[in-house]
Amino acid sequence: MTLFTLGPVQTHQSVRVAMAQDIAPWNYRFRNLLVRVQEKILKIANGNSAHVALPFPAPGHFVNEATIRSLTKIDGKILIPVTDCEKSYTNRLAKIARESKRQVVPLLVKDTSSVTAELVYTALEKDREIKHVAIVYSETGSGIVNDIKSIGEAVRLNNCRMIVDAVSAFGALPFDFEQHPECDAITFTSGKCLEGMPGLGFVIARKDAIKLNQGQAESQSMDLADVLNYYETVGPGYFRFTPPAQVIAALDVALTRLEQEGGPKARLRRYRNNADIIYNRLSDIGLTPYLKQAEQGPIVVNAHWPSASFDFYGFITELIKKDIVISGFYTTQSPTIRIGAIGAIGEVEVGHALLEIEKALHLK
Ligand SMILES: *Cc1c(COP(=O)(O)O)cnc(C)c1O
């Protein structure tokens with residue numbers, strides 16, 4: 001099977017093999033492994049001694065919730081873009097914030113448009129009570145990548161703090177804490193652009209921001225202040241609860257592969273190439289891409305269904321028979337075919353998948 005999905009993604013065999021062992025997580029070997037993984041991760045984000053990379057045995061939604069709960073105040077105002085698509089990841093972020101009793105100030109954008117720095121600037125200028133902006137870097141629903149650099153600047157100029165959901169970005173799209181003094185935290189997981197196994201979430205956060213908001217989480221398992229306190233008192237490499245040790249061992253191998261590939265820059269180039277091939281070919285096959293080329297990011301490409309009566313289930317079943325897996329659902333405002341460009345795949349795998357997609361489309 002080759003996965004063209006958005007997480008779990010296709011992994012390299014060496015990453016999968018690293019899981020095939022029993023691990024006693026409380027000894028020095030495992031602790032060294034975890035500390036090494038944390039250091040590598042902090043380095044990718046160019047973090048310094050003000051930051052900490054905290055692992056969380058959970059998927060992305062959980063880390064996002066822990067981050068919102070731990071880095072903002074109850075009843076505090078957070079600016080969050082929302083789209084006209086219920087399934088967009090930014091809407092999920094807004095839902096998490098609302099259910100954590102934060103006041104979400106929604107910034108409405110179309111599912112097919114990126115969030116601009118101007119929109120963020122204007123919204124912050126209008127409401128001086130807003131203290132935080134939470135933004136999805138790569139919107140895995142539509143495939144749009146938001147310009148974090150200029151949005152960060154807008155946040156900075158308004159003396160607000162930024163939280164970045166970098167779940168489908170980290171490891172490929174650039175992020176540098178030194179260029180983002182306004183950023184309190186970024187979140188991501190092991191199973192997307194890092195090309196590890198799923199099961200581990202991470203937040204890289206400013207320690208001062210965690211301490212400043214201590215007591216706001218109203219949760220024990222979601223409280224980053226408690227995670228940080230454990231880390232600082234019990235010691236590096238200790239996990240508060242049972243760690244997904246094999247997932248961490250696999251991530252260590254995956255991070256070495258990322259280095260060998262040439263780091264996030266090289267990985268982004270490969271993903272961009274995959275996405276471009278998919279985008280251009282879909283037009284040739286007769287499908288209409290969901291986004292205009294200028295908005296098309298390098299992570300996922302969506303195309304409209306060929307017709308309203310399209311047998312989507314039959315289509316993906318046909319692909320599975322050929323060992324090709326694409327998303328079995330869509331995350332756009334109107335029905336789409338959703339093809340991931342990330343994971344341990346390159347133009348050979350993408351080219352082969354597109355041939356099979358073309359055949360499956362013209363089967364009837
Ligand atoms: C995948 C993803 C998440 C989290 O998804 P989980 O299934 O909870 O791991 C959050 N935000 C974005 C942008 C994502 O791509």
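Two strands count as paired if DSSP finds at least two bridges between them, and helices (H or I, at least four residues) and strands (E, at least two) are DSSP runs numbered from the N terminus. The model on screen is predicted, so that local features need pLDDT of at least 70 and side-chain atom pairs count only at pLDDT 80 or more, while totals for chains, interfaces and linings use all residues. Residues are numbered from 1 along each chain as its sequence is written, and side-chain values use heavy atoms, with hydrogens and water left out.

**The sheet**

Start by selecting the open sheet of 7 strands, whose order is E2-E8-E7-E6-E5-E3-E4 with mixed pairing. Its edge strands, E2 (51–56) and E4 (103–109), each pair on one side only. Neighbouring strands are turned by 20° against each other on average, direction ignored; axes here are lines fitted to C-alpha atoms, for helices over the stretch in contact, and angles run from 0 to 180 degrees between N-to-C directions.

Select next strand E3 (residues 77–83), which runs parallel to E4 and is joined to it by 7 bridges; within this pair, Ile78 stands opposite Val104 of E4. Helix H5 (residues 117–126) packs on the sheet here, touching E3, E4 and strand E5 (130–136), with its direction at about 145° to that of E4; contact means heavy atoms within 4.5 Å. Then bring up helix H8 (residues 224–234), which lies across E2 and strand E8 (201–206) and runs at about 105° to E2.

**Strand E7 and the cores**

Now select strand E7 (residues 183–189), which is largely enclosed by the rest of the structure, because 7 of its 7 residues are buried; buried means under 20% relative accessible area, exposed over 50%, and partly exposed in between (1.4 Å probe, protein chains only). Strand E6 (residues 161–165) runs parallel to E7 and is joined to it by 4 bridges, whereas E7 and E8 run antiparallel and share 5 bridges. Ala185 of E7 is the bridge partner of Ile163, and the bridge partner of Ala185 in E8 is Ala205.

A nonpolar core is a set of buried Ala, Val, Leu, Ile, Met, Phe, Trp, Tyr and Cys residues joined through side-chain atoms within 4.5 Å. In the largest one, of 54 residues, select Ile41, Val164, Ile186 and Ile204, which touch the most other members. Helix H9 (residues 245–261) gives the most to this core, with 9 residues. Another core, of 30 residues, lies apart from it and has Phe56, Ala66, Ala134 and Ala185 among its members.

**Around the ligand**

A backbone N or O atom of Gly60 lies 2.8 Å from a ligand oxygen atom. A polar side-chain atom of Asp165 lies 2.7 Å from a nitrogen atom of the ligand, and one of Lys192 lies 2.7 Å from an oxygen atom of the ligand.

**Two last stops**

Go to Arg92 in helix H4 (residues 89–99), which counts as partly exposed at 24% relative accessibility. Leaving aside residues up to four places away in sequence, Arg92 touches His61, Lys87 and Thr331.

Finish at Gln296, in the loop between helix H10 (263–285) and strand E9 (300–304), where Gln296 is buried with a relative accessible area of 5%.

Terms used
Polar contact = N/O pair within 3.5 Å; in protein donor to acceptor, adjacent residues only side chain to side chain.
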